Amino acid sequence: MMLKIKSLKKSYSQGLETIDIFQDLNFQVQKAQTVAIMGKSGSGKSTLLSLISGIIKPNNGDIILDKVSYKDLKESQLNDFRASNIGFVFQNFHLVSYLNALENVMLPAKVCGISNPKEKAIELLKDVGLEHRLNHLPSQLSGGEKQRVAIARALIHNPKIILADEPSGNLDEETGIAVMDKLFELIKKNNTTLILVTHSKDVAKRCEETYELVLGDLTKC
Ligand SMILES: Nc1ncnc2c1ncn2[C@@H]1O[C@H](COP(=O)(O)OP(=O)(O)OP(=O)(O)O)[C@@H](O)[C@H]1O
Ligand SMILES: [Mg+2]
């Protein structure tokens with residue numbers, strides 16, 4: 001099993017109010033499986049991805065990624081573990097504004113100390129059709145181009161799992177399809193596990209399984 005979520009509880013405190021997002025969530029994803037997560041705005045989809053990434057902590061329960069329990073890791077170990085094993089694609093790209101496309105893609109490889117980061121970054125940027133945009137800053141790229149840079153960046157360190165939060169949400173239909181084609185092509189090539197949050201049924205259909213997040217529980221569609 002690539003991912004196990006066990007009895008996960010997460011609530012946010014906002015002033016005097018407590019917002020319960022997950023009370024007792026259990027969920028599993030197999031290696032190389034592709035899973036779509038749908039659900040209403042505010043249902044907790046991004047919270048779930050943040051918990052899986054270890055960026056935010058649950059109030060209770062555990063997450064086990066590739067047999068490693070987050071409970072057993074210290075903060076610095078969890079940060080290293082995340083950097084080596086997880087790739088992210090965010091809706092608003094999160095590219096580093098003062099680095100060009102090539103440097104943005106190289107970044108995770110450099111953090112993980114992977115050899116030949118430049119060659120790998122160039123190859124991935126070719127894969128996503130951006131070999132002519134290596135030296136462009138994010139501000140000099142279109143939305144779809146930024147998203148393709150983000151996909152290349154998510155894959156460069158060969159992560160075990162990709163967490164994608166509405167990766168085509170900001171794109172026109174045609175560009176969104178092209179970007180998703182690339183993401184799925186690269187994921188299949190590398191046997192990467194994918195958890196993809198989306199509001200689009202068409203995007204969800206590309207995944208082997210679709211779940212809906214309702215009242216803190218994931219139900220298979
Ligand atoms: N840091 C926080 N503090 C307090 N409340 C939060 C915090 N982060 C998120 N929330 C609340 O938790 C709920 C779930 O948020 P989340 O971002 O996970 O939703 P989502 O399913 O990703 O929604 P969307 O589809 O709009 O992106 C929302 O009601 C949000 O207001
Ligand atoms: Mg969200």
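The model is predicted, so local features need pLDDT of at least 70 and side-chain atom pairs count only at pLDDT 80 or more, whereas totals for chains, interfaces and linings use all residues. Residues are numbered from 1 along each chain as its sequence is written, and side-chain values use heavy atoms, with hydrogens and water left out.

**Shell around ligand 1**

- Ligand 1 is surrounded by 14 residues, each with a heavy atom within 4 Å of it; the closest are Ser41, Gly42, Lys45, Ser46 and Thr47.
- The shell comprises three nonpolar, eight polar and three charged residues, where Ala, Val, Leu, Ile, Met, Phe, Trp, Tyr, Cys and Pro count as nonpolar, Asp, Glu, Lys and Arg as charged, and the others, Gly among them, as polar.
- Helix 1 (45–53) contributes at least two shell residues, as do strand 1 (3–14) and strand 2 (17–29); helices (H or I, at least four residues) and strands (E, at least two) are DSSP runs numbered from the N terminus.
- The largest share, three residues, comes from helix 1.

**Atoms close to ligand 1**

- A polar side-chain atom of Thr47 lies 2.5 Å from an oxygen atom of ligand 1, and one of Lys45 lies 2.7 Å from an oxygen atom of ligand 1.

**Helix 5 and helix 6**

- The axes (lines fitted to C-alpha atoms over the stretch in contact) of helix 5 (residues 143–155) and helix 6 (residues 173–190) come within 10 Å and cross at roughly 10 degrees.
- Helix 5 and helix 6 are therefore roughly parallel to each other, a term for angles under 35 degrees on a scale from 0 to 180 degrees between N-to-C directions.
- Contact (heavy atoms within 4.5 Å) involves residues including Ile151 of helix 5 and Leu183 of helix 6.

How values were computed
Chains lettered and ligands numbered in written order. Polar contact = N/O pair within 3.5 Å; in protein donor to acceptor, adjacent residues only side chain to side chain. Parallel < 35°, antiparallel > 145°, perpendicular 65-115°, else oblique.
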